[in-house]
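Here are my notes on the model, in the order I went through it. Have it open next to you while you read.

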Amino acid sequence: SFWKAWIDASSKNEARLQSFVGSVLYLRGGSDALATSAQQARFEAILNTMPGSAAVSLTDHGHALQANGGEPKVSERARKTLLDWLSNP
C-alpha cells in the first residue's frame with residue numbers, strides 16, 4: 001500500500017513523462033494493484049499528446065505482466081504487444 005500511495009501522490013511521474021522527448025509505451029496488467037487504472041488514465045492523457053505513444057492495459061494480467069493463473073513470467077501476449085509497438089515507426 002505504501003508504493004501505491006507513493007505512485008498516486010507523486011506528481012514527479014507525470015512531470016517526467018511530460019518532459020520526455022520520444023515515444024513511450026505504458027504497459028500494465030489490468031489486475032495490477034501497484035499501477036492503477038487511475039494512474040493509467042493520467043498517463044494516457046499525457047501520452048495522447050506524444051506522437052507514437054500508447055497506454056495499454058492487459059486486462060487479464062498482473063503487475064509483472066504475467067497472465068492471471070498462468071506461469072510466473074511475462075506472457076506471450078505482453079511480449080507481442082511490446083514487439084508490435086516497437087515495430088511501428
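In which sense do S1 and S2 pair, and over how many bridges?

1. S1 and S2 run parallel, paired over five bridges; two strands pair if DSSP finds at least two bridges between them. Within that pairing, Gly29 sits opposite Leu58 in S2. Helices (H or I, at least four residues) and strands (E, at least two) are DSSP runs, numbered from the N terminus.

2. Before going further, some ground rules: this is a predicted model, where local features need pLDDT of at least 70 and side-chain atom pairs count only at pLDDT 80 or more, while totals for chains, interfaces and linings use all residues. Residues are numbered from 1 along each chain as its sequence is written, and side-chain values use heavy atoms, with hydrogens and water left out.

3. S1, H3 and S2 together form a right-handed β-α-β unit. Right-handed here means that, with the strands pointing away from the viewer, the path from the first strand over the helix to the second runs clockwise.

4. The largest nonpolar core holds nine residues, among them Leu17, Val24, Tyr26, Phe43 and Leu47. Helix H3 (residues 37–47) is the top contributor, with three residues. A second, separate core has five residues, including Leu25, Leu27, Leu58 and Ala78. (A nonpolar core is a set of buried Ala, Val, Leu, Ile, Met, Phe, Trp, Tyr and Cys residues joined through side-chain atoms within 4.5 Å; buried means under 20% relative accessible area, exposed over 50%, partly exposed in between, with a 1.4 Å probe and protein chains only.)

5. Have a look at Leu47: setting aside residues up to four places away in sequence, Leu47 touches Leu17, Val24, Tyr26, Ser53, Ala54 and Ala55. Contact means heavy atoms within 4.5 Å.

6. One aromatic pair turns up in a search of the whole structure. Tyr26 belongs to strand S1 (residues 25–29) and Phe43 to helix H3, 17 residues apart. Both Tyr26 and Phe43 are buried. (Rings of Phe, Tyr and Trp, its six-membered ring, pair if their centres lie within 6.5 Å; planes under 30 degrees apart count as stacked, over 60 as edge-to-face and the rest as tilted.)

7. Last one: Ser57, in strand S2 (residues 54–58), is partly exposed at 25% relative accessible area. Leaving out neighbours within four places in sequence, Ser57 contacts Arg28, Gly29, Gly30 and Gln40.
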